[in-house]
Amino acid sequence: MIKKNIIDYLSKDSKFRSLFKKNFITRFSPEPNGCLHLGHVKSIWVNCSLAKVLNGNCYIRFDDTNPIKENKIYITSVLEDIHWLGLKLKNINYASNYFNKLFEWALLLIKQGKAYIDDLSISEIKQYRGDFKSVGYNSPYRKRNIKDNIFFFKKMYKGFVKEGKKVLRAKIDMNSKNINLRDPIMYRIINVYHYRTGNYWKIYPSYDFTHGQSDMLEGITHSICTLEFETNRYLYQWFLKNIFNDYFKYPKQIEFSRMNISFSLTSKRKIKLLIDKNFIFGWDDPRLSTISGMRRRGYTPTSLKNLCKITGITRSNNNIDIHLQYYAIRSDLENKVIRVMCVINPIKLILTNLIVDYEEIITVKNHPFIEMGARSMYFNREIWIDLKDFNNKQNLFRLSKGKNVRLRHSYIIKCKKFVFFKNEQIKEIQGIVYLNSKHKNLEGKILKGVIHWVSVKHSVPVLIRLYNTLLHKNIVNNNSFFFTDSIGEPIFSHIKPETRVQFERIGFFCADRYDFNKTNFVFNEIISLKTFI
RNA sequence: UGGGGUAUAGCCAAGUGGUAAGGCACCGGUUUUUGGUAUCGGCAUCCCAGGUUCAACUCCUGGUACCCCAGCCA
């Protein structure tokens, strides 16, 4: 159990175990029945980093004991996600590799009189189990003799018994206060194709009967899992004790609380529902907290791992403020990506004191103080600026009639007039440029406003996808996705999909993994700047 | 309701008898050609009530709130 600092706690335990020559070994054991999400990242991270700190190893084992739900496609997807995360998992194991051993151990328990074949139906078993208020009572088949138990178990194994007709149960204690110990199911009959073992098995072991023994087999020393398995721990230990003799080799189950992030969705069932209703586009929808979704959105592996680190490992229920997630990605991207300009709501600004074909090339650094090279920006008579930067209310930071503002990396301009369409929508802005203000201030003029811009002549169309949280006040947010045609600098033809950039004064964006190409500049908003236009 | 857990600021989270770390968020100052970044400062007496002690977030007693367990899921 985690009492205080888990590293201290495990260090001591690890030291204790090292007396018996055991390394510290953990494992990540996903069930191959869906995509990995942020919660899994936490689990992988906890297992890996603990192993790293304590000079051990972390393995991966697919918990594939339920062929009805599991599928090969998830193996590939899980492995790809972990690879992308960049966390090293040693050995790839499968619980299904141990089906033979498990079967033998089940037989062993039967022979010792510690397991029996039960003919009760699902509803009868449920009824016999009792509930929180009442104890359970013994199945009439509980005292079936060992010989018959072996006979029927083998019959089940050979596929001679129909699904649901018989089941193998551990003979523990129907009066136990821990309901998990009221003769739990060890094997059930499932006669369907398994993606690894094919049609060989007609019976499959339960999670409880599989997990501990698999850990033991692999030499796992610490089986770290989430809090919902707390009461299963006693069962985990029971199987170990009744199958193996060497106490000092028993793996130890330790629980910690799962990571919950506000306004995020990780439930497989709910995600599926949203996909079916066409509310989101798939498992890698950038609004999702699945690894593939976050990757597509533009989150970095570092930011995800850092999020795990700064949220800690405890046993208390948590609901982490999504700002921590935002902080993790912003701080990672801050000094790692280039900064360019993109105008999201373009409005034309005409600088009337320039000649029609005025053109000047301005060299601009790609990052203010990290060496990331430089690029050329073209300065012409007609430029695009953002409509949001035009503000009639004499805002200190924005452009309004008669006011000066600086064009980022270039000159100070003044707004002279604006032209409206008939419907009162603004059509264009006219202004003048102070050609003596490049890289310096005009005398006596203190400027607060700096706005971004792109030359009309030298620009490219860009598709911007903007996101809000998927949930809003715990219900699905109808305004979680927008897309807008925008205008950016010409350098986008040189970047690859999944490249991350900062659009100055707006936020961090990522060239879409699938939709971005040399002729179609599609960007996903990763995260806005802390205050943005 | 039985059993198993958890309670420290708006959100995470250190802390194991010597007088409440840190991060996020928020608020304010400085720097700044991004309302960004950086930087400086502000921001809790520890679920409640008793008790033990020179001294309690830490120990004891009694409460309260929330989470997990009654799948042939994991």
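A residue counts as buried when its relative accessible area is under 20%, as exposed when that value is over 50%, and as partly exposed in between. In this predicted model, Tyr200 has a relative accessibility of 46% and is therefore partly exposed, and Tyr157, with a relative accessible area of 21%, is partly exposed too.

The count of aromatic pairs comes to 34. Tyr157 and Tyr200 form an edge-to-face pair, with 6.2 Å from centre to centre and 65° between the planes. Because Tyr157 belongs to helix 6 (residues 146-157) while Tyr200 sits in the loop between strand 6 (185-189) and strand 7 (203-205), this pair ties together parts that are 43 residues apart in sequence. Both tyrosines also belong to one aromatic cluster, whose members include Phe99, Phe153, Trp201 and Trp238.

Arg287 lies in the loop between helix 9 (268-276) and helix 10 (291-297), and with a relative accessible area of 9% this residue is buried. Its side chain is joined to that of Ser480 by a polar contact of 2.8 Å, and, neighbours within four places in sequence left aside, the residues in contact with Arg287 include Phe279, Phe281, Arg297, Tyr467 and Phe481.

The axes of helix 2 (residues 38-53) and helix 11 (residues 301-311) come within 9 Å and cross at roughly 70°, which means that helix 2 is roughly perpendicular to helix 11. The residues of this contact divide into six nonpolar, one polar and three charged; on the side of helix 2 they are Leu38, Val41, Lys42 and Trp45, which meet residues of helix 11 including Leu304, Leu307 and Cys308.

How values were computed
Residues numbered from 1 in each chain as written. Chains lettered and ligands numbered in written order. Predicted model: local features only at pLDDT ≥ 70, side-chain atom pairs only at ≥ 80, totals over all residues. Heavy atoms only, no water. Axes fitted to C-alpha atoms, helices over the stretch in contact; angles between N-to-C directions. Helix = DSSP H or I, 4+ residues; strand = E, 2+ residues; numbered from the N terminus. Parallel < 35°, antiparallel > 145°, perpendicular 65-115°, else oblique. Contact = heavy atoms within 4.5 Å. Nonpolar A, V, L, I, M, F, W, Y, C, P; charged D, E, K, R; others polar. Buried < 20%, exposed > 50% of the residue type's maximum accessible area, 1.4 Å probe, protein only. Polar contact = N/O pair within 3.5 Å; in protein donor to acceptor, adjacent residues only side chain to side chain. Phe/Tyr/Trp six-rings, centres within 6.5 Å; stacked < 30°, edge-to-face > 60°.
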